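Open the model in your viewer and keep the selection panel at hand. The stops below go from a pocket to a strand and then to the whole chain.

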Amino acid sequence: MAFHCNFKTTDHLSSFTLSKSPKFSCRTTSYLFPKALSVHKPSPFVVRSVATSGDSNGDGGGASPEVAGGKKRLSEQSSWEAKDAEGNDYLYRLGKESENMNIAVGARAGVIDDLFIGDFLGKDSDIVFDYRQKVTRSFEYLKGDYYIAPLFMDKIVVHIVKNYLAHLLDIKVPLILGIWGGKGQGKTFQTELIFQAMGILPIIMSAGELESEKAGEPGRLIRDRYRTASQVIQNQGKMSCLMVNDIDAGLGRFGNTQMTVNNQIVVGTLMNLSDNPTRVSIGQDWRDSDITHRVPIIVTGNDFSTLYAPLVRDGRMDKFYWQPNLDDIINIVNRMYEKDGISKNDVVSLVKTFPNQALDFYGALRSRTYDNSILKWVNDVGGPETLGSKLLKRKKDENLPVFVPPEQTLEALLESGYSLIKEQQLIMESKLSKEYMKNMDD
């Protein structure tokens, strides 16, 4: 049946006709109303049925483009008539699926919505898939020649190789290697240098990811990252591992700090990975064939005595205390200043002038020597008052003054070193909190 209805704003039925038709459909339009039945001026709201068989009784007026077989389409740009790879109606097949959760085909060429794909993201654009393949660290920023302490190198290499050969060794191999020691001793940097030298693509986490407002989220994140490292080994054929930096900052107990549910779940997750390194679930049903690769875990921290004792016990975690000796410090600092023209004798003199300092202290020396050069560059730009317009709002053809780095000398480094030592002593001796809290105990 086909019917024509014309309504005015007062909902008054002006005309009503019926005609027989094998198929009908409804759509809102105003310009297709037949002139012979237009008794009143067409109102904004019109419901009209249109025959879809393509005969003259349908009276489509040529508004709908025809496709092969005489059928009419909604539009030449519509994807509702798209076909799948087998030539079947895609939306009809998708609707027959038991669980209509197919969200991976929204931007696949030749399937649906070709009009909106373009060439910017590629024909088959899956941004999330690309991100999953890039969660590994490749260390492109490590340029130059750096020194790796032999003792540190041996410990990392042995731990990784033992885990990759665990199925061939008749021994209990700890899954986790805990590297701990004083602050600023280069634990993370030395580890990254070794990863680069060995061609390892690690998954790196930090202590900030071990807490969340959602209970269980950090534990699931660790298992997910662990499985991602396993997929790197399986799919890319490259060595990988999971590294957690400053783990004691996220899981350690300091004073009267509160132990949260997420702390307990994270500790339990790491203990479970150590006991079952090839069976890791992130919520899916268990399958006998779901076997993951054994992925070595490396964690860094300053004080492992604050961690849960069963996690750091022998058999689960292999501990390595890193305290560089004098030769290690001299070699590392020498490579650091080698490009500045500082001789090794000057480096030895610098290290002996400031003993008992962490490695990051000697990096801060070089940074402090840039202060005067940066102040000179600011004055060349026009002073502090013009920095906002010069740095962010300058014209395209306007060039900033060239920054000239300072010439590094032993005297300049010693001057920066004494300045840093003075700041350290002020922090330790002043204790300005006592000025605000007179009743605080010594």
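**Stop 1: the largest pocket**

Select Tyr146, Phe189, Ile332, Met336 and Leu359: of the 25 residues that line the largest pocket, these lie nearest its centre. A pocket here is an open set of points, on a 1 Å grid over the protein atoms alone, where a 1.4 Å probe fits, with protein on both sides within 12 Å along at least five of seven lines; lining residues have an atom within 4 Å of a point. This is a predicted model, in which local features need pLDDT of at least 70 and side-chain atom pairs pLDDT 80 or more, while totals for chains, interfaces and linings use all residues. Numbering starts from 1 along each chain as its sequence is written, and side-chain values use heavy atoms, without hydrogens and water.

Next, colour helices H4 (187-198), H8 (326-337) and H10 (359-368), each of which gives the pocket lining at least two residues. Helices are DSSP runs of H or I with at least four residues, and strands are runs of E with at least two, numbered from the N terminus.

**Stop 2: strand S8**

Move to residues 297-301. Strand S8 is largely enclosed by the rest of the structure, because 5 of its 5 residues are buried (under 20% relative accessible area, 1.4 Å probe, protein chains only). Ile297, Val299 and Gly301 are on one side, and Ile298 and Thr300 on the other.

Strand S5 (residues 176-180) pairs with S8 in the parallel sense over 5 bridges, and Ile179 stands opposite Thr300. Strand S7 (residues 242-245) is also parallel to S8, over 3 bridges; there, Val244 has Val299 as its bridge partner. Pairing requires at least two DSSP bridges between two strands.

**Stop 3: the whole chain**

Zoom out to 14 helices and 9 strands. Of the 442 residues, 35% are buried.

Definitions and conventions: Buried < 20%, exposed > 50% of the residue type's maximum accessible area, 1.4 Å probe, protein only.
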